[in-house]
Amino acid sequence: MTRYDDISIRMKITAIFFILVFTYLGIQLYTVQIVRHDELYGKAKNKYTAVKTATGKRGEIYDRDGNLLVGNVPCSDICADPQIVGNAEECRRISEHFGKILKMDPAKIYNRLIVKTYTTKNEEGVDVELPRKFAVIETKVDFEIAEQLKKDCEKMKFKGISFRDTTKRTYPKNQLLANILGFTNIDKDKAVAVIGIERFFNQPISSSSGISEYERARDGIPLSYGKSDVIKDVKDGLNIYLTIREPIQAILEEELDNLVAKFNPRAAYAIMADPYTGNIIAVAQRPTFNPNERTAMNPDAWRNRITEDIFEPGSTMKPFAVSGAIDMGVVGPDTRFDCEKGRWLFGGKILRDSHPLGMLTVTEIIQKSSNIGTAKIALLMGDKNVYDILKKFGFGEKTGIPLQPETSGIFRPLKKWDTLSISRFPIGQGIAVSPLQLVRAYCALANGGHLPKLRIVDKIENPGTGIIRQYPIHETTSIFRNGDTHKKMVEMMKKVTEEGGTAVSADVKGYYVAGKTGTSQKFVNGAYSHSQYFATFVGFVPADKPSFVLLVTADEPQGAHYGGTVAGPYFKAISERTLKYLNVPPDYIPEEEPSKKVKVASSKTSH
Amino acid sequence: MNSFTKSLRPPEQKKKIMISGGKSFFVPFAFKFLLFAAGFFGIITYRIYLNEKAEELNREASAIQLKIHKLNREIANLKIEKERLSSWAYVGGRIKDYNLALRPATSDQIRSINIIGPKGYGGSGMASAVVAPETVLPVSRKSPARTTQNSSSSKISRM
């Protein structure tokens, strides 16, 4: 064999070798790139692609001035990967430390960390054991505690512990306005609104989660040149601004607590509204609850009594029928009526006054709250006119406030009236109203006969765009045809809190108060009870240019039952404090302090 | 026709020309190639450097974002805490606990005055405030007299 032949063979072998190698590589390349492309591409993509789910923030609820009433407090869910946390000793170390900080049983945490596998059925229905990569140690851990634990994990070199940022619905003012605000429960990480504003506005204040996909580096950081897609935008819920004013709400609730402490009623409520705008400034009821303490919550306290409950308004109804009579010109403030010494037979039934009264003017009928006098005034008006005027004051109609359910009360249509109706409805018997309806009607008395549409939500704000949707204040026409009616009514109602009236206790020093007491017997087992009453005082102050209308009612107070005795003093206390808060200048200097007579410049209030 | 061609140059000279011609081609080519390669290398290196820088900045941005997220959560937590501490239930409780001698104002302590401006503040450098026409409040509640209403250019002051 020549030298050239030898070279030729070697070259051929080398060529064959390379051909084989390249063929093999080609086949591999074909397999990887074509045959297994989807599988391998998917695997690789999963490695470097991350899907991030961001949760939006549920809308917050504020008072009129921007004080937070319902918010979201940051917290963390603490999770662990049992595959990474380590052996039994390490699990014990972690559980003991976490148990101490989280005030949990360490054994409970240990059991969650030590179980490394779980059994499940595969597609063929055979039990297979798989590694357990996720365990929840505790959910909704307070922000500060979670931050401390994060630092501890670094310091103590705990592995496999992760902190998932989340938020918790919180009510920073605790039981303040609890019935109106309502609350939410958690069901599988989703907020479920139970009652109140939270429920009524659940849809607009709910947030939606966002999903984004991005290519990430080994440490999880998105690659600057990698692809990123927003699959679904995260959306925060809308913020709600109420017409409530927190400082006044606090006053109202504090005084209502004082009433409950003194008279121990079955329930009590107070509502304050601006008669010009219909804004509800403050509203409270007892019993109530603290939405931050779920374990102590009594479902009976959840009910929204101001919209759901009805009661016979009693004498608080009298000004409506009387205002109708004055407006029609049937009577004037000085028209006299015989109040029959407290007993009057009408329609086969005796109508009584709480005290025997003789000849009284219409003003005195209001001042002393004579049932007989009011019934006689109503008789002069006639059924139709009495029905019409009460209807105009909104009785029998819902207020339309965004709280559900809301009652429309009980107010019989005219065709269902009997002989007694005209003598009983104007004195608040046989008719039932919700506390809100009564407040709305008194707003009309305070505001020249303009029946306002009550408002509790002032505006809704989109935190993302800053767009604000303002709830409008409705303009209304006056119920009264006669311009003087309102003034006459106010003058008469002022007498109620003066000497000789039924609610001297509701008089606010320095201010004229117009109002009316109501003491109504509860209708129990087909008869009026002589032991169970509703005691009410409702009025407005300063009488001539009211800053607010205020209703205070106690349901079955103990130890006393007259509206003037039970509700009057708390009307006074709430009014006094609120007027000071609002910087409302007094109408006069009280007589008992003559030395403090002062000169003041022209007044203009800011409220 | 019989033709014969012959180079007029001797073969050495011809070779010389060839050598000098090859050298003159290779050097500029090599130079150009090297220049191109260096440029290419430079661009690639610069690109890598920029990528590295971008990644570094990206990492920093991520760290800052994380910090902002953490701070936002801290702010949200503090906001809730502030709301809790500023509620009357808490403040009232503290007043009671510390037995602070605070009392609400009496009705005669609340009144408004009108300070008519802005002329009073300008020019002379002397601060002046003109009190609006005075009205005596009725002492008896039976008197229907009310304070006069003068709302023009008024500032409200609480005493």
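1. A residue is called buried here if 20 or more other C-beta atoms lie within 10 Å of its own, exposed if 12 or fewer, and partly exposed in between, with C-beta atoms placed from the backbone. Leu68(A) counts as buried because it has 22 C-beta neighbours inside 10 Å. The model is a predicted one, in which local features need pLDDT of at least 70 and side-chain atom pairs count only at pLDDT 80 or more, while totals for chains, interfaces and linings use all residues. Residues are numbered from 1 along each chain as its sequence is written, and chains are lettered from A and ligands numbered from 1 in the order in which they are written.

2. Leu68(A) belongs to strand 3 (residues 68-80) of chain A; strands (E, at least two residues) and helices (H or I, at least four) are DSSP runs numbered from the N terminus. Neighbours within four places in sequence aside, Leu68(A) is in contact with Glu60(A), Tyr62(A) and Pro172(A), and also with Lys79(B) and Glu83(B). Contact means that the C-beta atoms of two residues, placed from the backbone, lie within 7 Å.

3. Chain A is divided into domain 1 (3-51), domain 2 (69-179) and domain 3 (246-292 + 304-460 + 470-596), with bounds from an automatic or database domain assignment. The C-alpha centres of domains 2 and 3 of chain A are 56 Å apart. Their contact takes 8 residues from domain 2 of chain A and 10 residues from domain 3 of chain A.

4. A nonpolar core is a set of buried Ala, Val, Leu, Ile, Met, Phe, Trp, Tyr and Cys residues joined through C-beta atoms within 7 Å. The largest has 125 residues, and those touching the most other members are Ala270(A), Ile271(A), Met272(A), Ala273(A), Tyr442(A) and Leu550(A). Helix 18 (residues 435-446) of chain A supplies the largest share of this core, 9 residues. Domain 2 and domain 3 of chain A both give residues to this core, so it lies between them.

5. Beyond four places in sequence, the contacts of Met272(A) include Ile248(A), Leu252(A), Phe548(A) and Leu550(A). A second, separate core of 17 residues has Cys75(A), Phe98(A), Leu113(A) and Ile137(A) among its members.

6. An open sheet of 3 strands in chain A has the order 1-10-11, with antiparallel pairing; two strands pair if DSSP finds at least two bridges between them. Strand 1 (49-54) and strand 11 (228-232) of chain A are at the edges, each with a single partner strand, so one side of each is left without a neighbour in the sheet. Strand 1 of chain A pairs with strand 10 (residues 210-215) of chain A over 6 bridges. Thr49(A) has Glu215(A) as its bridge partner in strand 10 of chain A.
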